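Subject: Handing over a structure, with notes

Dear colleague,

I am passing on the structure we spoke about, with the sequence beside it.

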Amino acid sequence: AALSRMIRGASDQALAYVQAVQLLARIEDDDQRIALMEQLVEQDGESAEARFALALTQAAVGNAERARELATEAVALRPDWDDPREFIVRTLVTEERADEAVTTLDAFITDHPSHALRLLRVQLAMQAEDYGIALAQLDRMLEAQPMILQGMAMATVGTVGTVGTVTVTVP
């Protein structure tokens, strides 16, 4: 009941659900943890944030396939949200299913070509030493949002050989 009140009273539902996932993670019994999260999700039925929280909980107890199904439901409920898409790809990478992760990510980028998804694609390409794909994605990002990439480049150059935080202001 307290978690439900916390979620309902939160201005950021996604953050509130992540906090609930973190609190429930302290419960050692996996079945009990899932049951409690399912009760919370039932109250919000068609909430993408609730589905994604249940996906995170399922993944934490080792149910990666079910977690991806729930994350897919979250995407359907909130098509502009990248977090569930990234989660799906990362769970595939964790399971050492890199080819499937890349195929899935490429399909996500085709449907929803966001900055975050393209950055993830760059990361996967770099890990696979497929620099042509990484550069192609960076080119597409530069075409779409040139000022953001300039800021990233400045931050990268500014951090070489330094320790601490670099603040980049791009007009």
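In what order do the elements of the chain run from the N terminus on? The order is α-α-α-α-α-α-α-α-α-α, and the chain accordingly counts 10 helices and 0 strands. Please keep in mind that this is a predicted model, and that what I describe below was computed from it. Of the 171 residues in the chain, 36% are buried. Among contacts with a separation of 6 or more, those between residues 24 or more positions apart account for 40%.

The interior

The largest nonpolar core has 32 residues, and those with the most contacts inside it are Met 37, Phe 52, Ala 55, Val 89 and Leu 105. At least two residues of this core come from each of helix 2 (13–24), helix 3 (30–44), helix 4 (48–60), helix 5 (64–77), helix 6 (83–94), helix 7 (98–111) and helix 8 (115–127), and helix 4 gives the most, with 6 residues. As general background, nonpolar side chains tend to be buried together in soluble globular proteins.

How the helices pack

The crossing of helix 2 past helix 3 is right-handed. On the side of helix 2, the contact is made by Gln 13, Tyr 17, Ala 20, Val 21 and Leu 24, while helix 3 contributes Arg 33, Leu 36, Met 37, Leu 40 and Asp 44. Sorted by class, the contact of helix 2 with helix 3 has 7 nonpolar, 1 polar and 2 charged residues.

Helix 2 also packs on helix 4, where the two axes come within 9 Å and cross at roughly 25°. Since angles under 35 degrees count as roughly parallel, helix 2 and helix 4 are roughly parallel to each other, and helix 2 passes helix 4 in a right-handed crossing. Gln 13, Ala 14, Tyr 17, Val 18 and Val 21 of helix 2 make this contact with Glu 49, Ala 50, Ala 53, Leu 56 and Thr 57 of helix 4. The contact of helix 2 with helix 4 has, by class, 7 nonpolar, 2 polar and 1 charged residues.

The remaining pair is helix 7 and helix 8, which pack at an angle of about 150° with their axes 10 Å apart. Helix 7 and helix 8 are therefore roughly antiparallel to each other, and helix 7 passes helix 8 in a left-handed crossing. The residues that make the contact are Val 102, Leu 105, Asp 106, Phe 108 and Ile 109 of helix 7, together with Leu 117, Arg 118, Leu 120, Arg 121 and Leu 124 of helix 8. They divide into 7 nonpolar, no polar and 3 charged residues.

Single residues to look at

Arg 8 has its place in helix 1 (residues 2–9) and counts as partly exposed, at 45% relative accessibility. Leaving aside its neighbours within four places in sequence, Arg 8 is in contact with Gln 13, Gln 43 and Asp 44. Arg 8 and Gln 43 are 35 residues apart in sequence, and their C-alpha atoms are 10.0 Å apart in space.

With a relative accessible area of 74%, Glu 96 is exposed. Glu 129, which lies in the loop between helix 8 and helix 9 (131–144), likewise has a positive phi, near 55°, and counts as exposed at 59% relative accessibility.

With kind regards

Note on methods. Residues numbered from 1 in each chain as written. Predicted model: local features only at pLDDT ≥ 70, side-chain atom pairs only at ≥ 80, totals over all residues. Heavy atoms only, no water. Core = buried A, V, L, I, M, F, W, Y, C linked by side-chain atoms within 4.5 Å. Buried < 20%, exposed > 50% of the residue type's maximum accessible area, 1.4 Å probe, protein only. Helix = DSSP H or I, 4+ residues; strand = E, 2+ residues; numbered from the N terminus. Left-handed = near helix turned anticlockwise from the far one by under 90°. Contact = heavy atoms within 4.5 Å. Nonpolar A, V, L, I, M, F, W, Y, C, P; charged D, E, K, R; others polar. Axes fitted to C-alpha atoms, helices over the stretch in contact; angles between N-to-C directions. Parallel < 35°, antiparallel > 145°, perpendicular 65-115°, else oblique.
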